[in-house]
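I set out to look up selected parts of one structure and to write down what I found.

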Amino acid sequence: MEFAAELKLYSQLCASTVRRARFTRLGVIAMVIVFLLTPVPASAYPPRVQVFVANSGGDVTAVYDTRLGEVVASVPVGRSPVGVGVGADGNLVYVTNELSNSVSVIDARTYEVVATVPVGRHPFGVAVTPTHAYVTNFGSNTVTVIDVRTNAPVLEIPVGRFPHTPVVSPDGKRVYVTNNGAQSVTVIDTKNQKPVGTIPVGRFPAGIATSPNGDRVYVANTGSDTVTVIDGRDLDPIKSTPVGKSPMGVSVTPRGRVHVANAGSDTVTVLDRSGDPVIPGIPVAQQPEGSAASPDDSFVYVTNTAAGMMSVIDAGTGKLVATVPIGREPEGLAVTS
């Protein structure tokens, strides 16, 4: 609650005591003063969770404030924005512009573009560590590495054919990249910025996410209608789970539930950490593609590209609780607070 609102509330309380005895008024005023001087714990307020959504059909990134339950900004970026990544401290948001061959860097508080970074051809996804942003260049078969302090590209790393989506391991030591045209995942060591392994997965791998502790990696295979579960320690595939049609986006909640957006069946599949389904597929709006989990384990957000909507799913119950108009052809999204 803002101070001005607190002051108004306390004024109302004081006014309501006018007809009471003087000692009662003084008691109420004393309590108000004590309350004002007592720090209110942060847990008393709902967290400010923002969802940044790349609208590829509108060349803008929408900002959805979950406390207000509405879109609070629409930030112009490059042509056909598709992927979104958030900086480690939550202050900067990185958006890939597929048809501009660039990345827009957005201040998460002011909603202004503070830098535009040239990258490879047809950039698609982006993942961010405390020091670097990793951008998959679908048309160049490379990953551009951006120094987040200077917002300058510093390196291009060759990976597999048609790199689609990157994800950073929770410890920041690895970046996993799905190679959409190679049925594989490239593993990049962030210390020496070199590929250290290639993992076979299903056909046309797209979205990718890790478990909270990094011991599992989940890959959506759009062409196989499956999710491959990878052991994050020895980098071997250990399981393949059938999901809906054309799975694309993947996200994992802090409690380890995996949410898979099935673009071809208009559903979201929920898996446990081992990769087994835990509830029936959740019906959502047309063409769900992107998936992102809130850091406070409250909701999962899914973009519905053909509908121009964003589905909001309760992370605990797995129920659809809202469908929000979000812009033209929303694809990638990321959550920050």
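My entries on strands, cores, aromatic rings and single residues follow.

**Basis**

I worked from a predicted model, in which local features need pLDDT of at least 70 and side-chain atom pairs count only at pLDDT 80 or more, while totals for chains, interfaces and linings use all residues. I numbered residues from 1 along each chain as its sequence is written, and side-chain values use heavy atoms, with hydrogens and water left out.

**Open sheet**

I looked up an open sheet of four strands and recorded its order as 4-5-6-7, with antiparallel pairing. Strands here are DSSP runs (E, at least two residues), numbered from the N terminus, and two strands pair if DSSP finds at least two bridges between them. Strand 4 and strand 7 (113-118) stand at the edges with a single partner strand each, so one side of each has no neighbour in the sheet. From one strand to the next, the twist averages 20 degrees, taken between axes that are lines fitted to C-alpha atoms, with angles from 0 to 180 degrees between N-to-C directions. Inside the sheet, I found six bridges between strand 5 and strand 6 (residues 102-107), in the antiparallel sense. Tyr94 has Val105 in strand 6 as its bridge partner.

How many of the six residues of strand 14 (residues 184-189) are buried? I noted five, and the strand is mostly covered. Buried means under 20% relative accessible area, exposed over 50%, and partly exposed in between (1.4 Å probe, protein chains only). Strand 14 pairs in the antiparallel sense over six bridges with strand 13 (residues 174-179), and likewise over six bridges with strand 15 (residues 194-200). Val177 stands opposite Thr186 in strand 14, and Val185 has Ile199 in strand 15 as its bridge partner. The hairpin of strands 13 and 14 has four residues between the strands, and Gln183 takes a positive phi near 55 degrees there. The hairpin of strands 14 and 15 also has four residues between them, and Gln193 in its turn has a positive phi of about 55 degrees.

**Nonpolar cores**

A nonpolar core is a set of buried Ala, Val, Leu, Ile, Met, Phe, Trp, Tyr and Cys residues joined through side-chain atoms within 4.5 Å. The largest one has 14 residues, and among those that touch the most other members I listed Phe52, Val63 and Tyr111. Strand 1 (50-55), strand 3 (70-76), strand 4 (81-86) and strand 5 (92-97) each supply at least two of its residues. I also recorded a second, separate core of 13 residues, including Val49 and Ile326.

**Aromatic rings**

I counted four aromatic pairs; rings of Phe, Tyr and Trp (its six-membered ring) pair if their centres lie within 6.5 Å, and planes under 30 degrees apart count as stacked, over 60 as edge-to-face and the rest as tilted. Phe138 and Phe162 are stacked, at 5.0 Å centre to centre and 15 degrees between the planes. These two residues are 24 residues apart, and their pair links distant parts of the chain. Phe138 is partly exposed at 22% relative accessibility, as is Phe162 at 28%.

**Asp231**

Asp231 lies in strand 18 (residues 226-231) and counts as buried at 9% relative accessibility. Beyond its neighbours within four places in sequence, Asp231 is in contact (heavy atoms within 4.5 Å) with Asp215, Arg216, Asp236 and Ile238.
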